[in-house]
Amino acid sequence: MEILGATLRVCVDDLETAIPFYERLAGGRAQRFERGGVQVAAIGCFLLMSAPPAELEVLRKVAATIAVTDVEETHKVLTELGAHIVAGPIASPAGRNLIALHPDGSVYEYVDRNA
């Protein structure tokens, strides 16, 4: 399993207001998509998310999104290390992903770029 990098997850009440700030901060344009009623904008190392309050409460529990070379291999390694796979692997707009609860209680999303 190879970790390629991490993305900071930022939950915002108003995506339209937040995007210009983060575009200027990161020096790039937002790549936007929607998933399950959650509006998302990826800008540099930031992943902005906006949704109804109940959904944002769930999203805030995931500390970061970690890019890996292969989610299937990551699933195997995490399981061997005692992590609990909460969801996935499943296809997402950014690649395949899974959500894992680490033995210390931390929750992370892992995503690869494979189709």
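In helix α1 of this predicted model, Leu-15, Ala-18, Ile-19, Tyr-22 and Glu-23 are buried (under 20% relative accessible area with a 1.4 Å probe, protein chains only; exposed is over 50%, partly exposed in between). Looking down the helix axis, these buried residues sit within an arc of 135 degrees, so they line one face of α1; the arc is taken from the directions from the axis to the C-beta atoms. Over on the other side, Thr-17, Phe-21, Arg-24 and Leu-25 are exposed. The cover on the buried residues includes β1, β2, β3 and β4, counting heavy atoms within 4.5 Å as contact.

Helices here are DSSP runs of H or I with at least four residues, strands are E runs of at least two, and both are numbered from the N terminus. Just after α1, Gly-27 takes a positive phi of about 70 degrees.

As for the sheet, it is open, with 8 strands in the order β2-β3-β4-β1-β5-β8-β7-β6 and mixed pairing; two strands pair if DSSP finds at least two bridges between them. β2 (31-35) and β6 (84-92) are at the edges with a single partner strand each, so one side of each has no neighbour in the sheet. Strand β1 (residues 3-11) runs antiparallel to β5 (residues 64-68) over 5 bridges, with Ala-6 opposite Ile-66 and Thr-7 partnered by Thr-65. With β4 (residues 46-50), β1 runs parallel through 4 bridges, and Arg-9 has Leu-47 as its bridge partner there.

Residues are numbered from 1 along each chain as its sequence is written, and side-chain values use heavy atoms, without hydrogens or water. Local features need pLDDT of at least 70 and side-chain atom pairs count only at pLDDT 80 or more, while totals for chains, interfaces and linings use all residues.
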